[in-house]
Amino acid sequence: MMHQPAIGDLGRVFRTSAGLAAHLRAFQRQQEEERLRRDRRQDAQGDEAELMDFAMVMVSASEMETFRVELDSYDTATIAALQENEVALERALKEQEELLLRAHVLPDGRRVFKTEDGSRVFDEHGQELANSVIDPVLVEDGRPSWETYKPRLEEKMRLLDERRNLLEYQQKLDAARERIDAGEISREECDEMRDELKTAMPDAVRVQVPELASEVTMDTDVTTPSSSGLAADTGLAIQDDMIPSSFTPASIPGLTR
């Protein structure tokens with residue numbers, strides 16, 4: 001004769017079965033959520049790998065040749081800008097020299113210029129001099145004034161700074177050409193070089209490139225010195241390669257070489 005479970009026993013069996021079922025459903029949900037997270041991670045890694053693959057795509061030979069042609073056009077424009085700079089710099093140096101030769105000379109050899117109102121004196125570098133160094137009344141009125149000399153000094157310094165920037169840009173072009181001549185480069189590296197060369201291009205070069213000339217907003221205003229004049233130390237060392245080779249005066253007073 002089989003033993004019939006008591007009502008209390010049946011309740012315990014039902015509760016146990018229901019608990020196991022709930023636990024199983026919770027476990028299944030946890031497994032499903034873990035699977036979804038794993039799938040998302042794999043998808044993200046796949047997207048990242050695709051981006052890396054795209055970045056590492058090598059530039060084709062035809063695209064490399066197109067870049068070389070672009071570099072050649074930039075180099076031609078830079079040479080043209082340097083030639084224009086040379087002509088302007090020669091003129092500025094000659095004008096400055098003419099004024100320096102007519103200027104009042106201090107015992108230490110410095111050339112000085114008195115303001116038109118006769119109250120202040122500046123040396124050839126744009127540094128204002130104290131009355132203890134030179135009394136303005138000692139500078140003859142027939143000498144070139146500071147107002148006449150200052151624009152020539154500023155123009156010379158502007159052109160020397162422009163020439164330095166042009167030479168530096170020319171070096172960037174040479175470095176880019178050497179890089180593409182060395183072998184294959186990725187599209188990412190090629191795009192970075194092209195963007196950098198366009199961003200760093202001096203306005204004097206940009207105006208020589210027809211498709212870029214419209215982007216130039218030339219500022220014709222020359223920076224004016226402070227009330228005390230141009231600083232004696234401008235921080236611009238005039239190197240030999242910054243002075244036009246065709247301009248070789250015997251002596252330019254005040255021009256540091």
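I began with helix H4, residues 187-199, which has 13 residues and reaches 18 Å from its first C-alpha to its last, close to the 18 Å expected at 1.5 Å a residue. I note here that the model is predicted.

**Entry 1. The sides of H4**

I asked which residues of H4 are buried. I found Cys190, Met193 and Leu197. They cover an arc of only 65 degrees around the axis, which puts them on the same side of H4. I then looked at the other side of H4, where Asp195 and Thr199 are exposed. I also looked up what covers the buried residues of H4, and the cover includes helix H2 (61-102) and helix H3 (146-181).

**Entry 2. The chain as a whole**

I next listed the secondary structure, which comes to six helices and four strands. Along the sequence I read the pattern α-α-β-β-β-β-α-α-α-α. The chain has 257 residues, and 33% of them count as buried. For its accessible surface I recorded about 16,500 Å², with 52% belonging to carbon and sulfur atoms. I also looked up the contacts with a separation of 6 or more: residues 24 or more positions apart account for 73% of these.

**Entry 3. Aromatic pairs**

I asked how many aromatic pairs a search of the whole structure finds. The search finds three. In one of them, Phe122 and Trp146, the ring centres are 4.3 Å apart and the planes stand at 15 degrees; planes under 30 degrees apart count as stacked, so this pair is stacked. I noted that the pair links distant parts of the chain, with Phe122 in strand E3 (residues 121-123) and Trp146 in helix H3, 24 residues apart.

Buried means under 20% relative accessible area.

I followed Trp146 to Tyr149, with which Trp146 forms a tilted aromatic pair, 6.2 Å centre to centre and with 45 degrees between the planes. Trp146 and Tyr149 are three residues apart in helix H3, so about one helical turn separates them. I recorded both Trp146 and Tyr149 as buried.

**Entry 4. The cluster**

Finally, I asked which residues the ring pairs link into a cluster. I found Phe113, Phe122, Trp146 and Tyr149.

Conventions: Residues are numbered from 1 along each chain as its sequence is written. This is a predicted model: local features need pLDDT of at least 70, side-chain atom pairs count only at pLDDT 80 or more; totals for chains, interfaces and linings use all residues. Side-chain values use heavy atoms; hydrogens and water are left out. Helices (H or I, at least four residues) and strands (E, at least two) are DSSP runs, numbered from the N terminus. The expected span of a helix is 1.5 Å times one less than its number of residues. Buried means under 20% relative accessible area, exposed over 50%, partly exposed in between (1.4 Å probe, protein chains only). The arc is that of the directions from the helix axis to the C-beta atoms. Contact means heavy atoms within 4.5 Å. Accessible areas come from the Shrake-Rupley method with a 1.4 Å probe; for residues, only the protein chains shown count as cover. Rings of Phe, Tyr and Trp (its six-membered ring) pair if their centres lie within 6.5 Å; planes under 30 degrees apart count as stacked, over 60 as edge-to-face and the rest as tilted.
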